[in-house]
Amino acid sequence: MLIKWVSCTTTDPAAFATAQAGWNALRDLPGFLGQAGGWSQHEPGRAQIIGCWHDQAAYRAFMSGAHDRIAAGQAGTYDTIQVRIFPARQDIGRPFSPGFAEAILEQLTGDQIRLDSAWTVLPQRSAIRPG
């Protein structure tokens, strides 16, 4: 499994939150396992998001395909963005869930993250395994 962590400072938190709806397009992509995120409790206006992918190949296919189209909807809603990609143990033993994302985000940031349920994207069953 591959984890993508995105941390943004937002120029307009309401617009950023609304634009997150565009990421629902991820649900149909092969190898997408889930995404969730929300707001930092210690740093107002900082968004924290975790996305999970089956493997590097599925993530690369997303980045070379749908990413730029989806990301265009988020343009202008943040000042800074930091992205980190790292592998996770394959045998985590549970499917992606908002609770899983919240625990990972809190480990990575040392912050409490108030998840926004509207930011949660779960895959279509047919998209879980890469084609």
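## The sheet

Strand E1 (residues 2–10) and E4 pair in the antiparallel sense over 9 bridges; strands count as paired if DSSP finds at least two bridges between them. Across this pairing, Lys 4 stands opposite Ile 85 in E4. Strands here are DSSP runs (E, at least two residues) and helices likewise (H or I, at least four), numbered from the N terminus.

The model is predicted: local features need pLDDT of at least 70, side-chain atom pairs count only at pLDDT 80 or more, and totals for chains, interfaces and linings use all residues. Residues are numbered from 1 along each chain as its sequence is written, and side-chain values use heavy atoms, with hydrogens and water left out.

Stepping back to the whole sheet, 5 strands form an open, antiparallel arrangement in the order E4-E1-E3-E2-E5. At the edges sit strand E4 (78–87) and strand E5 (113–115), each pairing on one side only. On average, neighbouring strands of this sheet are turned by 25 degrees against each other, direction ignored.

## Helices across the sheet

Which strands does helix H2 lie across? Helix H2 (residues 56–64) lies across E1, strand E3 (46–53) and E4, and runs at about 40 degrees to E1. Contact means heavy atoms within 4.5 Å. Axes are lines fitted to C-alpha atoms, for helices over the stretch in contact, and angles run from 0 to 180 degrees between N-to-C directions.

Helix H4 (residues 98–109) lies across E1, strand E2 (32–40), E3, E4 and E5. Its direction is at about 120 degrees to E3.

## Aromatic pairs

The structure holds 8 aromatic pairs. Rings of Phe, Tyr and Trp (its six-membered ring) pair if their centres lie within 6.5 Å; planes under 30 degrees apart count as stacked, over 60 as edge-to-face and the rest as tilted. One of the pairs is Phe 32 with Trp 53: the ring centres are 5.2 Å apart and the planes are at 65 degrees, so this pair is edge-to-face. Because Phe 32 lies in strand E2 and Trp 53 in strand E3, the pair ties together parts that are 21 residues apart in sequence. Phe 32 is buried, at 0% relative accessible area, and Trp 53 is buried at 2%; buried means under 20%, exposed over 50% and partly exposed in between (1.4 Å probe, protein chains only).

The rings of Tyr 59 and Phe 62 have centres 6.1 Å apart and planes at 55 degrees, so they form a tilted pair. Both residues lie in helix H2, 3 residues apart, about one turn of the helix. Tyr 59 is buried at 8%, and Phe 62 is buried at 4%. Together, Phe 32, Trp 53, Tyr 59 and Phe 62 form one aromatic cluster.
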